[in-house]
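Biologist: Please show me the model, and then let us go through it by question and answer.

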Amino acid sequence: MQLYSVNSGNFKLDGGAMFGVVPKSLWQTTNPADANNMIDLTTRCLLIEDGNRLILIDTGMGNKQSSKFYGYYYLWGNHSLDGSLKKHGFHRDDITDVFMTHLHFDHCGGSIQWNHDKTGYEPAFKNALFWSNKDHWQWATQPNKREKVSFLKENILPMEESGQLNFTTIPTGDTLINSELGFDIFFANGHTDKQMIPLIKYKEITVAFMADLLPTVGHLPLPYVMGYDTRPLLTLDEKEKFLNIAASNNYYLFLEHDAHNEIITVTNTEKGVRLKDIYTSQDIFQ
Ligand SMILES: [Zn+2]
């Protein structure tokens, strides 16, 4: 098995929204804000090459929205999904499976593109199966009023219409062992219903794709929960449980949204679980 870090583009979000009830005087030390109170973020996907399968975890925002839409997110830098795949010697048509942690636009927007004459939408990975789970699919396609702006139907419905949509099994506990994709999956319900966190066994280590369970290093302290989370107290419990397991087992936490820290390990301290070491993907994925 080989792993590749695939940056599909950088953006910014309001720092206050990213840290919920935590005051700026505390979060700005790890996540400095610009003049508009926006903080640096990225959409870092993970590519898994395993035998005949080439699995892409999340696909970023894509490029089919209006410039007005992207204007809200202050895109920066020159990374793109195609450019990052190419750097590793791959093309999007090589992808056999697209696994989506959840269906918020910054995680699955790249899964769907305009068709050639811009009259409709089509899967952006023509040879891939798309993976979600049944409960989250229902949650996303009949959205509540809070999350409606994040679940864009043009990002979601074409996967089903093309016949490429598949669902993973939903476990009775919180972890699905040996999923249809080959890796274990931790299910978390605080950010959105049934977000999926892949736990990938790579050589002697476990790499956890943290998605929105831990967006940046600055979110390690338990109460540092995003304002976007639908069930913040549940996120707090899920983070506590997950981070304790991660510290005890020395998981390598792959951070999808942290623009400046790619992979971290964590350790138990008297204040709770805190940062241990920071790595680049080149350090770990050799
Ligand atoms: Zn999200």
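**Sheets, zinc site and a buried valine**

Modeller: Val207 has Tyr252 as its bridge partner in strand 13. This is a predicted model, in which local features need pLDDT of at least 70, side-chain atom pairs count only at pLDDT 80 or more, and totals for chains, interfaces and linings use all residues. Residues are numbered from 1 along each chain as its sequence is written, and side-chain values use heavy atoms, with hydrogens and water left out.

Biologist: Do strand 12 and strand 13 run parallel or antiparallel?

Modeller: Strands (E, at least two residues) and helices (H or I, at least four) are DSSP runs numbered from the N terminus, and two strands pair if DSSP finds at least two bridges between them. Strand 12 is joined to strand 13, residues 252–254, by 3 bridges. Their direction is parallel.

Biologist: Which strands stand at the edges of the open sheet of 7 strands?

Modeller: The order in this sheet is 9-10-11-12-13-14-15, with mixed pairing.

Biologist: Which residues coordinate the zinc ion?

Modeller: Donors are N, O and S atoms within 2.8 Å of the metal (3.2 Å for Na, K and Ca); water is not among the atoms, so sites may look incomplete. Here the donors lie at 2.1 to 2.3 Å. They are His102 (NE2), His104 (ND1), His191 (NE2) and Asp212 (OD).

Biologist: How many residues apart in sequence are the parts that His102 and His191 tie together?

Modeller: His102 lies in the loop between strand 4 (97–99) and helix 5 (105–108). His191 lies in the loop between strand 10 (184–188) and strand 11 (195–202), so the pair ties together parts whose separation in sequence is 89 residues.

Biologist: Is Val217 buried or exposed?

Modeller: Val217 lies in the loop between strand 12 (205–209) and helix 8 (232–248). Buried means under 20% relative accessible area, exposed over 50%, and partly exposed in between (1.4 Å probe, protein chains only). Because its relative accessibility is 14%, Val217 counts as buried.

Biologist: Which residues does Val217 touch, not counting those up to four places away in sequence?

Modeller: Contact means heavy atoms within 4.5 Å. With residues up to four places away in sequence left out, the contacts of Val217 are Leu255, Asp258, Asn261, Ile264 and Leu275.
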